[in-house]
Protein chains: 2
Amino acid sequence: MQESTSGATALKVVLYGDIILPNEYRLRDKSDFPIGVTGVSDDASDAAKEAALVGADAVVCVRFDHPSKHAPRLRLVQLQAAGYDRIDFDCVPDRAAVCNAFGHTRAIAEYALMTMLMWTHRWKPVEDSFRAGSWEYSGAMYGPLRDELNSRTVGILGFGQMGREIAAGCRALGIRVVACARRPAAPDEVDASYPLERLDDFLAGCDFVVVCIAHVAQTEGMIDRGRLARMKRGAVLINVARGPVVVEQDLYDALTTGVIAGAVIDVWWQYPDRSDPRRRGSRLPFHELENVFMTPHSSGWTEQMMDRRWDMIVANLRALWRGERLQNVVREPGAR
Amino acid sequence: MQESTSGATALKVVLYGDIILPNEYRLRDKSDFPIGVTGVSDDASDAAKEAALVGADAVVCVRFDHPSKHAPRLRLVQLQAAGYDRIDFDCVPDRAAVCNAFGHTRAIAEYALMTMLMWTHRWKPVEDSFRAGSWEYSGAMYGPLRDELNSRTVGILGFGQMGREIAAGCRALGIRVVACARRPAAPDEVDASYPLERLDDFLAGCDFVVVCIAHVAQTEGMIDRGRLARMKRGAVLINVARGPVVVEQDLYDALTTGVIAGAVIDVWWQYPDRSDPRRRGSRLPFHELENVFMTPHSSGWTEQMMDRRWDMIVANLRALWRGERLQNVVREPGAR
């Protein structure tokens, strides 16, 4: 635990957890108002946590499960993440707001573009074969022609912040984009927009389907055997939303029987935990498939994402210090 | 050899060589004027070639080395390629023009973008490690942060058609672009422009250097040991121009001693031929380096490129039929 104060009226901020502590420099760089910073590591004692929270105005964390009944000034539990599944709301005082942070959509848009380009230009077979000594794919030897992404139709399922950013990137490059979402996309954002009731028609027209839709009860298992069968045989499914939006077994079957051509999977059906730190993302051997690109929930995990996130965090701390309105509120004060 | 004629005033076109013959359908689809088409395969006899050329108005080819003294009507030798090193100009009648074709810049722009995204997002280590079962790069496990391409500066060396197209794609995605070329780029095309005399300053400021400059005597060996040393240690060199613009040994040394971080190589110092069809692109073992992405002169080799190329070819055939001006003239009639 360390403490420093920049002034008598400083906002007292607790950086809570090992994940947060390395970003203290971002807080100090960005804050243009007086702050007092206290750091609490994961292995701090309950007494040390208690001591840090007494007198704190705000906590920045990704996990919050320490009862903060002795934190009379606490008015903001600010997440350094979008997800708030590790916040025990019973531990948050009534008068405190809980806010989350974003900033990952730009990184994920680059990831989607990268993987679509790699599929279309057949990166893996071309590079592997040439590295092994073959010129079979060479233009100089008049090898087989490949394709350009600008000849393809990219479908965006779910048109929130992430869908919008991916669509904008594709359209900036002249790629045709169609969307399927609860609310229609604006005509200047996409080439065509489908309501969710026409999901089947949407799927039938796409070369890539990028799943960006929120994981809620109504979307769980939305992409199942029947939906996959509606896709083109040459199409590729890209999931950057949440694993359970897609039915695990159905996707595996579609990939191994040629129902669709391939998949790019960044989000999974299961994650490792302390009892099984190398637990695979699926109980099925997706990692044995050549027609799968797989990444460990990493598409949005960039320095620039973290920097944008701290811009949002510091904006909320500044708002708290000035008595202004908080942004990205997950739970309003007194809302329980 | 096959022949068909669509009318009395048809333009007589010879498709000359095995590389050209499969594209007859493109010619037929695109031509809106009467044509008579004759195909000549590579293993046709000299007499058969002669017979095809007699009465021909135009030849489409990538190689032309048959003396065409008995081709009194021949007015156009139209390449299905940009390069004309396989045209024996002594075989082309004085009254015939030689024209080439382009259409590959869009594909190469996608290739440059793809490989820059792959480097920046660390595609290979992330995918390899996760496929092997590790979550070390996971955002969900708070792994190391990576970068976004929009935080990088892309340098374009040579600002012709290809450089322009790459710059436009990058800038559409909000990526900073600087150019270095003989003639300055327009202010609305790049964020900064350097003359060739300031190549060293240009190189020092780029995270990626995309070599797009024509291979002529003045540019041969332009990127040598000294130039590579000017680049950032974390920078990546991408060559989509011609191999000899970069000094082979110097690039290899820079990659193996950490002078620069990596290279993307699509164009090579040597190519296979009949005597050695698996000859590697370099006498040095670039294929053993982890920090090299390598492709067999294939970055521009797409269906869409070939289609644009045939748009140009048919536009010239149409111009010939109408008595209008030819485009992309490599040698004017009577210019020898």
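The questions and answers below go through this predicted model and the reasons behind its labels.

Q: What makes B:Arg28 and B:Glu24 a salt bridge?
A: The cut-off is 4 Å between a side-chain nitrogen of Lys or Arg and a carboxyl oxygen of Asp or Glu. In B:Arg28 and B:Glu24 the closest N and O atoms are 2.8 Å apart. That is within 4 Å, so the pair counts as a salt bridge.

Q: Why are B:Arg28 and B:Glu24 separated by about one helical turn?
A: Both belong to helix α1 (residues 24–30) of chain B, and they are four residues apart there.

Q: Why are B:Asp201 and B:Arg198 called partly exposed?
A: Partly exposed lies between the buried limit of 20% and the exposed limit of 50%. B:Asp201 has a relative accessibility of 40%. B:Arg198 has a relative accessible area of 40%. Both values fall in that range, so both residues are partly exposed.

Q: What makes B:Asp207 and B:Lys232 a salt bridge, and where do they sit?
A: The closest N and O atoms are 3.0 Å apart. At 12% relative accessibility B:Asp207 is buried, while B:Lys232 at 32% is partly exposed.

Q: What joins A:Arg26, A:Lys30, A:Glu303, A:Asp307 and A:Asp311 into one network?
A: Salt bridges that share partners join these residues. Over all chains the count comes to 44 salt bridges.

Q: How do you know that the two copies are related as by a two-fold rotation axis?
A: A rotation of 180 degrees superposes chain A on chain B, with 0.0 Å of shift along the axis. The RMSD is 0.0 Å. The copies are therefore related as by a two-fold rotation axis. The same surface serves both copies: 100% of the contact residues of chain A recur in chain B.

Q: Which residues touch the most other members of the largest nonpolar core?
A: They are A:Leu113 and B:Leu113, in a core of 66 residues. Leaving aside neighbours within four places in sequence, B:Leu113 has contacts in both chains. Among them are A:Leu113, A:Leu117 and A:Leu173, along with B:Leu149 and B:Ile175.

Q: What makes β9 and β13 of chain A edge strands?
A: Seven strands form an open sheet in the order β9-β8-β7-β10-β11-β12-β13, with parallel pairing. β9 (192–195) and β13 (292–294) each have a single partner strand, so one side of each is left without a neighbour in the sheet. Neighbouring strands are turned by 15 degrees against each other on average, direction ignored.

Q: How do you know that β7 and β8 of chain A pair?
A: A pair needs at least two bridges. Five bridges join β7 (residues 153–157) to β8 (residues 176–181), so the two strands pair. In one of the links, A:Leu157 has A:Cys180 of β8(A) as its bridge partner. Helix α5 (residues 161–172) of chain A lies across β7, β8 and β10, running at about 170 degrees to β7(A).

Q: What makes the phi of A:Asn328 stand out?
A: Most residues other than glycine have a negative phi. A:Asn328 is not a glycine, yet its phi is positive, about 55 degrees. A:Asn328 sits in the loop between α9 (303–322) and β14 (329–331) of chain A. B:Tyr142 also has a positive phi, near 55 degrees. Its place is the loop between α4 (123–131) and β7 (153–157) of chain B.

Notes: Residues numbered from 1 in each chain as written. Chains lettered and ligands numbered in written order. Predicted model: local features only at pLDDT ≥ 70, side-chain atom pairs only at ≥ 80, totals over all residues. Heavy atoms only, no water. Core = buried A, V, L, I, M, F, W, Y, C linked by side-chain atoms within 4.5 Å. Buried < 20%, exposed > 50% of the residue type's maximum accessible area, 1.4 Å probe, protein only. Contact = heavy atoms within 4.5 Å. Least-squares fit on C-alpha atoms with pLDDT ≥ 70 in both. Axes fitted to C-alpha atoms, helices over the stretch in contact; angles between N-to-C directions.
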